[in-house]
Amino acid sequence: MIDAKDREIIEALQGGLPLVPAPFAQVADGLGLDEKTLMSRLADMKSRGVIRRIAAAPNHYKLGMTSNGMTVWDVEDDRVAELGSQIGALPFVTHCYERPRALPDWPYNLFAMVHGADRDEVEEKRAEIAAILGDACRAKDILYSTRILKKTGLRLKKKG
C-alpha cells in the first residue's frame with residue numbers, strides 16, 4: 001500500500017526527472033520535502049516492491065543506434081539463469097530476461113535486447129552472445145524493431 005505522500009512522489013516522478021543539476025532536490029522542494037526525506041521514501045517504496053527502479057530510458061535512435069534486435073535463445077533450462085546473468089552483464093545488452101516457452105511454436109526462453117548503428121553491428125553482437133551460450137543453446141533468432149514505441153513507466157491517474 002502507498003500513502004498520499006507516496007502517491008504524490010510517484011505522480012511527480014512519473015513524467016521523468018527534471019534536467020537540472022540536482023533533480024531530486026528540485027522534486028523534493030516541489031513536494032514540500034527535503035531531498036533526504038524524498039530519497040528515504042523512494043528507498044522504502046523500492047524495498048516494499050512498490051517501485052522497482054528509477055532509471056534512464058535513452059532514445060537509442062537519437063544516440064545513433066538505429067538498428068535494434070531482440071535476440072531470442074532456446075537455452076538449456078538448468079543453465080538459463082547462469083548464462084542469462086552473463087549475457088545481461090554485457091555492455092551492449094540493454095535488457096535480458098527469461099520467459100517461459102510457448103511450445104511447439106516458440107521454443108525460446110532467453111531474451112536479450114541489442115542495439116547498433118546498423119544490422120551488421122547487431123549481428124556481430126549477437127555472435128558474441130552465441131559464443132557465450134555455446135552448446136547450451138539449441139536454437140536462436142532475432143526480431144528487429146520496425147518502429148519506435150513510446151516508452152513509459154508506471155502511470156497513476158490523478159485522484160479526484
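Gly88 is partly exposed, with a relative accessible area of 36%; here buried means under 20% relative accessible area, exposed over 50%, and partly exposed in between (1.4 Å probe, protein chains only). The model is predicted: local features need pLDDT of at least 70 and side-chain atom pairs count only at pLDDT 80 or more, while totals for chains, interfaces and linings use all residues. Residues are numbered from 1 along each chain as its sequence is written, and side-chain values use heavy atoms, with hydrogens and water left out.

Gly88 belongs to helix H4 (residues 80-88). Helices (H or I, at least four residues) and strands (E, at least two) are DSSP runs, numbered from the N terminus. Leaving aside neighbours within four places in sequence, Gly88 is in contact with Val93 and Cys96, where contact means heavy atoms within 4.5 Å. Gly88 and Ile129 are separated by 41 residues in sequence and by 9.9 Å in space, C-alpha to C-alpha.

The overall arrangement gives this helix its setting. The protein has 5 helices and 4 strands, and along the sequence they follow the pattern α-α-α-β-α-β-β-α-β. Of its 160 residues, 32% count as buried. Among contacts between residues at least 6 apart in sequence, 66% join residues at least 24 apart.

At the start of helix H1 (residues 4-13), a side-chain oxygen of Asp3 reaches to within 3.1 Å of the backbone nitrogen of Lys5. Within H1, the residues Asp6, Ile9, Ile10, Glu11 and Leu13 are buried. An α-helix has 3.6 residues a turn, so residues three or four places apart point the same way. The buried residues of H1 pack against helix H2 (23-30) and helix H3 (35-47).

The strands come next. In strand E3 (residues 110-116), 7 of the 7 residues are buried, so this strand is largely enclosed by the rest of the structure. In a regular strand the side chains alternate between the two faces of the sheet. Both faces of E3 are covered, with Leu110, Ala112, Val114 and Gly116 buried on one side and Phe111, Met113 and His115 buried on the other.

Strand E1 (residues 67-75) and E3 pair in the antiparallel sense over 7 bridges. Within this pairing, Gly69 stands opposite Val114, and Val72 has Phe111 as its bridge partner.

In E4, the bridge partner of Val72 is Asp141.

His115 has its place in strand E3 and is buried, with a relative accessible area of 7%. The side chain of His115 makes a polar contact with the side chain of Thr94 at 3.1 Å. A polar contact is a pair of N or O atoms within 3.5 Å; within protein, one must be able to donate a hydrogen and the other to accept it, and residues adjacent in sequence count only if both atoms are side-chain atoms.

Aromatic residues form a further theme. A search of the whole structure finds 3 aromatic pairs; rings of Phe, Tyr and Trp (its six-membered ring) pair if their centres lie within 6.5 Å, and planes under 30 degrees apart count as stacked, over 60 as edge-to-face and the rest as tilted. Trp106 and Tyr108 form an edge-to-face pair, 4.7 Å centre to centre with 80 degrees between the planes. Trp106 is partly exposed at 27% relative accessible area, whereas Tyr108 is buried at 10%. Ring pairs link Tyr97, Trp106, Tyr108 and Phe111 into a cluster.

The loop between E2 and E3 contains Pro104, which a cis peptide bond joins to Leu103, with omega about 10 degrees. Most residues other than glycine have a negative phi, and most peptide bonds are trans.

Technical notes
Two strands pair if DSSP finds at least two bridges between them.
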